[in-house]
Amino acid sequence: MNQPKLVHFSDKDLDGESCFILSRLAFPSPEMDLRGVTPYTVNQEVQRLLDEELSREMEVVITDVSVNEEVAALIQKKVKQGHFLRLIDHHPTALPLASSYDWANVIIEDSGKKTSATNLYYSYLVDQGLLAPSDVLSDYVELVRSFDTWDWDSSGNMRANQLNLLFYMVERDVFVQDVISRLRGDGPDQDQFVFNEVESVLIYTEEKRMDEFEQKKLKQMKHVEVEIDLAKTRTFQVGVVFLEQYHSTTGNFLCKNDEQIDFVAMLDPGKGRISFRTIRDDVDLAVIAQHYGGGGHPKASGCSFTGVTMKAFVYPALQVHPSQR
């Protein structure tokens, strides 16, 4: 009997790509179809699969991204017809799915630790007998979890941040193949995921460049007052800056080095997205992003450029009045 074909949707960041890596380790390559998506494209891509491609032989997995209620209802219909679909996510904005559907596995915290999609998917594959755990694999999964949840910043686990730097420095296929080779134990025996000499030099050089980059962005950042109507209207002091990369690390740096702001809004015109970051406990960015049609975590979230977000964040940063656009 042939192995069911796996169609796997996942985000394109380190956490999402690491879920793909786990699938590559667990399933035969010819039987996999890995499709990178974003929170802004996942609904369209999943719905297209369900409408045009889904067969009884397919198993569909969605990791590190969620779907809207319309697509969720369509998934539920397919599940009732006997199809296999599963969503594994860790974003608070996906919690309503978990309370409504058995196929949605959304866990934000486990044993006192914030979760990532990678560690949730790892546990799922191990529990299903599809992947054998190992020390080096568990260490890699923890590095991804630590970076994605930002636990590395408080724990001092610099390898987690360095792994993310490396992820964006090298070609994606090269990164994936090198990681898989080490996780399969093709190199020297080791119980930790370690960087080779070339990678260590690249990371060191990038860390130095990042220091200069962050100082430059701190000088460029504009202060903007933004009124947001949540349970009640609240005025936030927002640092707004144009930023096309390093949203997590630079956003955290900007918040730490400017105590006047409640959160930072990083504008990426090329992708039409705004990323939010904060270090404050009294600011819930998941709620704020949801207000603007996006989503994410309490301290890290995002949304798309719209007329509303342009007026709130972009025009003030450019010092352009909406009537002059």
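How exposed is E142, in terms of relative accessible area? E142 is partly exposed, at 27% (buried means under 20% relative accessible area, exposed over 50%, partly exposed in between, with a 1.4 Å probe and protein chains only).

## The model

This is a predicted model, where local features need pLDDT of at least 70 and side-chain atom pairs count only at pLDDT 80 or more, while totals for chains, interfaces and linings use all residues. Residues are numbered from 1 along each chain as its sequence is written, and side-chain values use heavy atoms, with hydrogens and water left out.

The chain averages a pLDDT of 92, with 96% of the residues scoring at least 70 (pLDDT is the predictor's confidence in each residue, from 0 to 100).

## Salt bridges around E142

E142 meets K113 in a salt bridge at 4.0 Å, N to O (a side-chain nitrogen of Lys or Arg within 4 Å of a carboxyl oxygen of Asp or Glu). That pair links distant parts of the chain, with E142 in helix 6 and K113 in strand 7, 29 residues apart (helices are DSSP runs of H or I with at least four residues, strands are E runs of at least two, both numbered from the N terminus). K113 is partly exposed too, at 43%.

R145 also bridges to E142, at 2.9 Å; both sit in helix 6, three residues apart, about one turn of the helix. R145 counts as buried, at 5% relative accessibility.

## Helix 5

Helix 5 (residues 117–127) is mostly covered, with eight of its eleven residues buried. The cover includes strand 1, helix 1, strand 3, strand 4 and helix 6. Just after helix 5, G129 takes a positive phi of about 75°.

Six strands make an open, mixed sheet in the order 8-9-10-11-13-12 (two strands pair if DSSP finds at least two bridges between them). Strands 8 and 12 stand at the edges with a single partner strand each, so one side of each is left without a neighbour in the sheet. Helix 11 (residues 247–256) packs on the sheet, touching strands 9, 10 and 11, and its direction makes about 140° with that of strand 10 (axes are lines fitted to C-alpha atoms, for helices over the stretch in contact, and angles run from 0 to 180 degrees between N-to-C directions).

Strands 9 and 10 run parallel, joined by five bridges; G239 has V264 in strand 10 as its bridge partner.

Definitions and conventions:
Contact = heavy atoms within 4.5 Å.
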